[in-house]
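Here is a short briefing on one protein model. Keep the sequence and the 3D view open as you read.

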Amino acid sequence: MSVTGLAQLAEERLGSCCNRPVGERVRSMSRVSYAWRIAVSVIGIGLLLNGSLRMSDDAWPLGPLSQYAFSPAKDATVVITRVEGELADGRRVDLPLRVESAGISRAEIEARIPEITADPSLLRSVADGWNSRHPAEPALLRVWLVQDQTQLVDGRVGPARLVELATWELPS
């Protein structure tokens with residue numbers, strides 16, 4: 001028997017036992033299935049392009065979250081806004097700006113920095129949120145809006161300073 005004959009015989013035997021379809025045949029998709037899949041893809045890509053071209057965080061998650069989309073210049077100043085509080089026992093503590101811990105988020109505070117510096121009593125919402133969520137802690141007496149400003153020098157961490165933007169004392 002020739003090599004070609006052996007190959008044909010092997011193909012016939014393998015084809016008859018191993019290449020048989022198992023289970024049901026795959027059904028083709030209807031035009032409607034194609035249409036809705038394409039429509040959803042086009043709408044999603046359009047929304048993403050809209051947010052990306054406008055470079056707007058308002059469109060998040062279908063657009064850039066710009067605070068993570070770039071790195072600062074080598075000689076920039078990195079600013080972190082925080083709120084600190086003085087407890088009745090004399091400790092000065094960081095009040096994490098999260099809804100779970102202070103009743104307000106960091107973004108809400110950062111968006112209102114000019115208003116808070118003009119009227120520090122707006123820090124009352126942070127104090128009220130903290131006191132209601134931490135009843136076992138000593139009460140807050142004073143609240144500060146502060147910024148940690150770190151200067152980068154040739155891309156490396158340089159000098160840092162704490163800047164107090166506003167102070168509010170809770171009424172007795």
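D154 sits in the loop between β3 and β4 (156-169). Helices (H or I, at least four residues) and strands (E, at least two) are DSSP runs, numbered from the N terminus. The model is predicted: local features need pLDDT of at least 70, side-chain atom pairs count only at pLDDT 80 or more, and totals for chains, interfaces and linings use all residues. Residues are numbered from 1 along each chain as its sequence is written, and side-chain values use heavy atoms, with hydrogens and water left out.

- D154 has a phi near 55 degrees, a positive value in a residue other than glycine.
- Most residues other than glycine have a negative phi.
- D154 counts as exposed because its relative accessible area is 55%. The classes are buried (under 20% relative accessible area), exposed (over 50%) and partly exposed (in between), with a 1.4 Å probe and protein chains only.

**Strand pairing**
- Strand β1 (residues 77-87) pairs with strand β3 (residues 140-153) in the antiparallel sense, over 11 bridges. Two strands pair if DSSP finds at least two bridges between them.
- L87 has L140 in β3 as its bridge partner.
- β1 also runs antiparallel to strand β2 (residues 92-94), joined by three bridges.
- G85 has V93 in β2 as its bridge partner.
- Four residues lie between the strands in the hairpin of β1 and β2, and G90 there takes a positive phi near 95 degrees.

**W144 in strand β3**
- W144 lies in strand β3.
- W144 is buried because its relative accessible area is 8%.
- Leaving out residues up to four places away in sequence, W144 touches R82, V83, E84, G85, E86, R92, L123, E164, A166 and T167 (contact: heavy atoms within 4.5 Å).
- The side chains of W144 and T167 make a polar contact at 3.4 Å. Such a contact is a pair of N or O atoms within 3.5 Å; within protein, one must be able to donate a hydrogen and the other to accept it, and residues adjacent in sequence count only if both atoms are side-chain atoms.
- W144 and E169 are 25 residues apart in sequence, and their C-alpha atoms are 8.8 Å apart.

**A nonpolar surface patch**
- M29, Y34, I38 and V42 make a nonpolar surface patch of about 400 Å². Patch residues have over 30% relative accessible area and no salt bridge, and nonpolar side chains (Val, Leu, Ile, Met, Phe, Trp, Tyr) are joined within 5 Å, like charges within 9 Å. A salt bridge is a side-chain nitrogen of Lys or Arg within 4 Å of a carboxyl oxygen of Asp or Glu.
- V42 belongs to helix α2 (residues 31-54).
- V42 counts as exposed, at 52% relative accessibility.

Definitions and conventions:
Areas by Shrake-Rupley, 256 points an atom, 1.4 Å probe, with all protein chains shown as cover.
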